[in-house]
Amino acid sequence: MQTNNSAAKNNIRVFGTVAVMTASAILAALSIILGKFLSIPVGNSIRIGFENLPIVIASILFGPVIGAATAVAADIVGCILHGYPINPIITVGALCIGLISGYVYRQIAKNDTEHISTDRSMHWVKIFISVVAAYAIGLMVIKSLGLYIAYGTPFQTIVFRVITASVSAIIDATIVWALMQNKSFMKEIGRIIKR
């Protein structure tokens, strides 16, 4: 018979600790706020905002599986709160952004002991490659496909989405890099992971 304590640990196995699960929930909520409530709509198919930034942060700092779970939660809850219909293809796109950004970053940074390069510009390049890979597959291809299939989004709009996603990748990578260069921030992240 399992004790209550071990049953609780099994419930958060994906996240590892309650602290990581809580931080992921906060990042999912931030993604919802930035994406559904504080973004700038351009037509029916484009929103300019930073909804993917918290997902990338979760994925790079806590791992690709946690990033994917955070992305799916943010997409589904955000759609419910804002009254959008849930589009499974767009949800898969969000999942890919969370999964790929952390996976690619961890593969590139394997040789770094703490995932932080001593060369600051090279560390930015590693983050940028991770973000571009995630946005190229999740945002530019899968989410655009979801918009095309569900709403018949014209090709010109999808091209504009590629441009905005490219600009977002540069900005988001720079913000993640700046956060990871901040010793106080990374110290707090280390505490969250160890709890």
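I take buried to mean under 20% relative accessible area, exposed over 50%, and partly exposed in between, with a 1.4 Å probe and protein chains only.

**Entry 1: the model.** I note that this is a predicted model, in which local features need pLDDT of at least 70 and side-chain atom pairs count only at pLDDT 80 or more, while totals for chains, interfaces and linings use all residues. Residues are numbered from 1 along each chain as its sequence is written, and side-chain values use heavy atoms, with hydrogens and water left out.

**Entry 2: the chain.** I looked up the elements and found 8 helices and 2 strands in the protein chain; these are DSSP runs numbered from the N terminus (helices H or I, at least four residues; strands E, at least two). Along the sequence the pattern reads α-α-β-β-α-α-α-α-α-α. Of the 195 residues, 45% count as buried.

**Entry 3: helix H3.** I found H3 mostly covered, with 10 of its 10 residues buried. They are Leu 53, Pro 54, Ile 55, Val 56, Ile 57, Ala 58, Ser 59, Ile 60, Leu 61 and Phe 62. These buried residues pack against H2, helix H4 (64-82), helix H5 (88-108), helix H6 (120-151), H7 and helix H8 (183-194). Just after H3, I note a positive phi of about 115 degrees at Gly 63.

**Entry 4: H2 against H3.** I looked up how helix H2 (residues 18-37) packs with helix H3 (residues 53-62): the angle is about 160 degrees and the axes are 8 Å apart. Axes are lines fitted to C-alpha atoms, for helices over the stretch in contact, and angles run from 0 to 180 degrees between N-to-C directions. H2 and H3 are therefore roughly antiparallel to each other (over 145 degrees; under 35 is roughly parallel, 65 to 115 roughly perpendicular, the rest oblique). H2 contributes Val 20, Ala 23, Ser 24, Leu 27, Leu 30, Ser 31 and Leu 34 to the contact, and H3 contributes Pro 54, Ile 55, Ile 57, Ala 58 and Phe 62; contact means heavy atoms within 4.5 Å. I count these residues as 10 nonpolar, 2 polar and no charged (Ala, Val, Leu, Ile, Met, Phe, Trp, Tyr, Cys and Pro are nonpolar, Asp, Glu, Lys and Arg charged, the others, Gly among them, polar).

**Entry 5: Ser 168.** I located Ser 168 in helix H7 (residues 155-181). Ser 168 is buried, with a relative accessible area of 18%. Neighbours within four places in sequence aside, Ser 168 is in contact with Gly 49 and Tyr 135.

**Entry 6: cysteines.** I searched the whole structure and found 0 disulfides, a disulfide being a pair of cysteine sulfur atoms within 2.5 Å. Cys 79 is buried at 7% relative accessible area, and Cys 96 counts as buried at 14%.
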